[in-house]
Amino acid sequence: MIIMQSVPDGYSEAVAYLNSMPQDVVAELCQEVLAFLTYKKGSLESAPFVPKLQAAGLEASTESVRGAANALSYLFRSAARNQISGEDLGKELSGSLAWSDSNIAAIKHVWNQQGRSLMSPELADVVLGVGKLVDLKWKLGVAMSSNNCRNLNSPFITISLKVADPSGQVRERSFEMTVPEFRNFSKQLKEMAAVLETV
């Protein structure tokens, strides 16, 4: 199951809450989330759903609706990232055993109607939040002393990354690692390079 491999904290609780909702409200919330993800709406409005859920006899708050919307957002982003069809999305959700049949039907229906817009190439980088690595620099340094230790003599590596976010703005991030951490980082980069060569 591609989508369910690394779900965020609170996902299971949000799915359980979604399963208690009426199918028409779930479908409407799906449409709201997709409109937000495709930039048709500037913000995701959770307040209008509270009275609808309370009228259906459920305890509802903007936080609980926001949690449900976040679970749907994760689901739709993952489906777009993996280019999953509505049919395959339905199978994944059924296989997870967490979703009710009525919610699977609602999600699948909305995804079949509007999901393709989320997978369009012009939205892919923006919606999926994928930045592009512009530059990577590293340097070796030695900490000679500190307030707590006069003869520290500890080597460290500083990594500086330049990443262009989806809007095109380049941001620079720097972080330090110990030599063993850098060795592990380097090993992981080599493993990624080896995997990429097989693709």
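Student: Lys41 first, then. Is Lys41 buried, partly exposed or exposed?
Tutor: This is a predicted model, and in it Lys41 counts as partly exposed, because its relative accessibility is 34% and the class runs between 20% and 50%.

Student: Where is Lys41 found?
Tutor: Lys41 sits in the loop between H2 and H3.

Student: And what is Lys41 in contact with, leaving aside its neighbours within four places in sequence?
Tutor: Glu32, Ala35 and Phe36.

Student: Salt bridges next. How many does the structure hold?
Tutor: There are 3 salt bridges. One of them joins Lys52 and Glu28, with the closest N and O atoms 2.4 Å apart.

Student: Which helices does that pair tie together?
Tutor: Lys52 lies in helix H3 and Glu28 in helix H2, so the bridge ties together parts 24 residues apart in sequence.

Student: How accessible are the two partners, Lys52 and Glu28?
Tutor: Lys52 is partly exposed, at a relative accessible area of 33%. Glu28 is also partly exposed, with 33% relative accessibility.

Student: What does Lys108 meet in a salt bridge?
Tutor: Its side chain meets that of Glu87, at 3.0 Å from N to O. This pair links distant parts of the chain, with Lys108 in helix H6 (residues 101-118) and Glu87 in helix H5 (residues 86-96), 21 residues apart.

Student: What are the relative accessible areas of Lys108 and Glu87?
Tutor: Lys108 has 25% and is partly exposed. Glu87 has 42% and is partly exposed as well.

Student: And which side chain does Lys137 meet?
Tutor: That of Asp135, in a salt bridge with an N to O distance of 3.9 Å. Asp135 counts as partly exposed, at 26% relative accessibility.

Student: Changing topic to helix packing. What should I quote for a packed pair?
Tutor: Two packed helices are described by the angle between their axes and the distance between the axes.

Student: Then what are those values for H2 and H4?
Tutor: The axes of H2 (residues 23-37) and H4 (residues 62-81) come within 9 Å and cross at roughly 60 degrees.

Student: Left-handed or right-handed?
Tutor: The crossing of H2 and H4 is right-handed.

Student: Which residues make the contact?
Tutor: From H2, Leu29, Cys30, Val33, Leu34 and Leu37 take part. H4 contributes Val65, Ala68, Ala69, Leu72, Ser73, Phe76 and Arg77.

Student: How does that contact split by class?
Tutor: The contact of H2 with H4 has 10 nonpolar residues, 1 polar and 1 charged.

Student: Now the whole chain. How many helices and strands are there?
Tutor: The protein chain has 8 helices and 3 strands. Along the sequence the pattern is α-α-α-α-α-α-α-β-β-β-α.

Student: What share of the residues is buried?
Tutor: Buried residues make up 34% of the 199 residues in the protein chain.

Student: And how many of the contacts join residues at least 24 apart?
Tutor: It is 57%, among contacts between residues at least 6 apart in sequence.

Student: Last thing, confidence. Where is it lowest, and where highest?
Tutor: Helix H7 (residues 121-128) is lowest, at a mean of 56, and helix H3 (residues 49-55) is highest, at 90. The protein chain averages a pLDDT of 82, and 89% of the residues score at least 70.

Methods. Residues are numbered from 1 along each chain as its sequence is written. This is a predicted model: local features need pLDDT of at least 70, side-chain atom pairs count only at pLDDT 80 or more; totals for chains, interfaces and linings use all residues. Side-chain values use heavy atoms; hydrogens and water are left out. Axes are lines fitted to C-alpha atoms, for helices over the stretch in contact, and angles run from 0 to 180 degrees between N-to-C directions. Helices (H or I, at least four residues) and strands (E, at least two) are DSSP runs, numbered from the N terminus. A crossing is left-handed if the near helix is turned anticlockwise from the far one by less than a right angle, and right-handed if clockwise. Contact means heavy atoms within 4.5 Å. Ala, Val, Leu, Ile, Met, Phe, Trp, Tyr, Cys and Pro count as nonpolar, Asp, Glu, Lys and Arg as charged, and the others, Gly among them, as polar. pLDDT is the predictor's confidence in each residue, from 0 to 100. A salt bridge is a side-chain nitrogen of Lys or Arg within 4 Å of a carboxyl oxygen of Asp or Glu. Buried means under 20% relative accessible area, exposed over 50%, partly exposed in between (1.4 Å probe, protein chains only).
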